[in-house]
Amino acid sequence: MSTTRRAAVLGSPIAHSLSPVLHRAAYAELGLADWAYDRYEVDEGALPGFLEKLGPEWAGLSLTMPLKRAVIPLLDEVSEVAASVEAVNTVVFTESGRSVGDNTDIPGMLAALRERGVEQVERASVLGAGATASSALAALSRICTGEVTAYVRSAARADEMRGWGERLGVTVRTAAWEDAAAAFEAPLTIATTPAGTTDALAAAVPDRPGTLFDVLYEPWPTALATAWSDRGGAVVGGLDLLVHQAVLQVERMTGRSPAPLAAMRTAGEVALTAR
């Protein structure tokens with residue numbers, strides 16, 4: 001059967017993206033035999049040209065770094081959620097041909113936490129201050145009733161996180177990375193740092209930790225996640241986030257709901273095990 005609808009993930013580097021695995025699993029489960037999902041190596045310079053060449057068969061795009069901000073001026077419309085963190089990870093093409101940017105990372109975080117029973121916390125900690133940290137603050141603005149402490153490595157990063165807090169309506173206190181072990185006193189800790197960054201903190205996990213949301217999915221489990229689980233704490237991982245945000249992408253691009261969460265998670269687990 002010929003392909004009638006297309007979608008893809010764009011970014012650079014993109015070779016190890018799990019998005020094709022997740023979206024194709026959803027298409028198979030939903031019986032969308034005439035849908036295709038691919039990956040393309042695209043950087044900021046190539047993005048405008050790539051978008052210009054897309055035909056009416058295209059339903060949507062998933063975007064990873066470094067395109068989440070670069071795509072914004074190229075779109076016809078951007079959702080309020082995406083605008084709040086200046087990051088678009090999802091583009092949907094409407095029947096009229098308009099391009100609409102959205103962010104499923106933020107609701108994906110909330111869905112992943114909700115799945116583990118975390119619907120509201122009185123305070124939280126964030127490890128790191130990059131793009132994912134701003135999405136974490138946006139998610140916390142919806143479920144945290146008190147202060148968020150961000151542990152960062154520089155005064156510039158501290159200023160950025162306080163600025164995001166003001167923009168998103170979150171009370172953000174910043175602290176030095178050297179004091180990051182204190183993050184674990186909060187009922188929810190969100191680790192947004194690159195692989196290996198939190199390994200040295202594993203020994204500082206308390207005897208009765210709250211919930212850890214570690215956004216990494218490879219390598220998994222991280223040393224911090226292992227120590228957390230060993231002490232009886234709840235752990236939400238990067239694959240949970242990846243699957244939940246992909247579920248929302250599939251629903252927006254295909255118009256089919258609910259997307260098959262279980263099948264997509266299983267496909268992701270199998271793919272990671274095979275690496």
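Reader: Is Glu86 buried, partly exposed or exposed, and at what relative accessibility?

Author: Residues under 20% relative accessible area count as buried, those over 50% as exposed and those in between as partly exposed, using a 1.4 Å probe and protein chains only. Glu86, at 31% relative accessibility, counts as partly exposed. This is a predicted model, in which local features need pLDDT of at least 70 and side-chain atom pairs count only at pLDDT 80 or more, while totals for chains, interfaces and linings use all residues. Residues are numbered from 1 along each chain as its sequence is written, and side-chain values use heavy atoms, with hydrogens and water left out.

Reader: Where is Glu86 found, and what is its phi?

Author: Helices (H or I, at least four residues) and strands (E, at least two) are DSSP runs numbered from the N terminus. Glu86 is found in the loop between helix H3 (80-85) and strand S5 (90-93), and although Glu86 is not a glycine, its phi is positive, at about 50°.

Reader: How should I read the crossing of H4 and H5, and at what angle do their axes cross?

Author: Axes are lines fitted to C-alpha atoms, for helices over the stretch in contact, and angles run from 0 to 180 degrees between N-to-C directions. Angles under 35 degrees count as roughly parallel, over 145 as roughly antiparallel, 65 to 115 as roughly perpendicular, and the rest as oblique. The axes of helix H4 (residues 105-115) and helix H5 (residues 131-143) come within 9 Å and cross at roughly 60°, which means that H4 is oblique to H5. A crossing is right-handed if the near helix is turned clockwise from the far one by less than a right angle, and left-handed if anticlockwise; that of H4 and H5 is right-handed.

Reader: Which residues make the contact between H4 and H5?

Author: Contact means heavy atoms within 4.5 Å. On H4 the contact is made by Ile106, Met109, Leu110 and Leu113, and on H5 by Thr132, Ser135, Ala136, Ala138, Ala139, Arg142 and Ile143. For classes, Ala, Val, Leu, Ile, Met, Phe, Trp, Tyr, Cys and Pro count as nonpolar, Asp, Glu, Lys and Arg as charged, and the others, Gly among them, as polar. The residues of this contact of H4 with H5 divide into eight nonpolar, two polar and one charged.

Reader: At what angle does H4 cross H8, and which residues meet there?

Author: The axes of H4 and helix H8 (residues 238-254) come within 8 Å and cross at roughly 120°, so H4 is oblique to H8. The crossing of H4 and H8 is right-handed. From H4, Asp105, Pro107, Gly108, Met109, Ala111, Ala112 and Glu115 meet Asp240, Leu241, His244, Gln245 and Leu248 of H8, a contact with six nonpolar, three polar and three charged residues.

Reader: How many residues has the largest nonpolar core?

Author: In soluble globular proteins, nonpolar side chains tend to be buried together. A nonpolar core is a set of buried Ala, Val, Leu, Ile, Met, Phe, Trp, Tyr and Cys residues joined through side-chain atoms within 4.5 Å. The largest nonpolar core here has 35 residues, and those with the most contacts inside it include Leu137, Leu140 and Phe213. H5 gives the most to this core, with seven residues. Leaving aside neighbours within four places in sequence, Leu137 is in contact with Val126, Val148, Met161, Trp164, Gly165, Leu168, Val170 and Val172.
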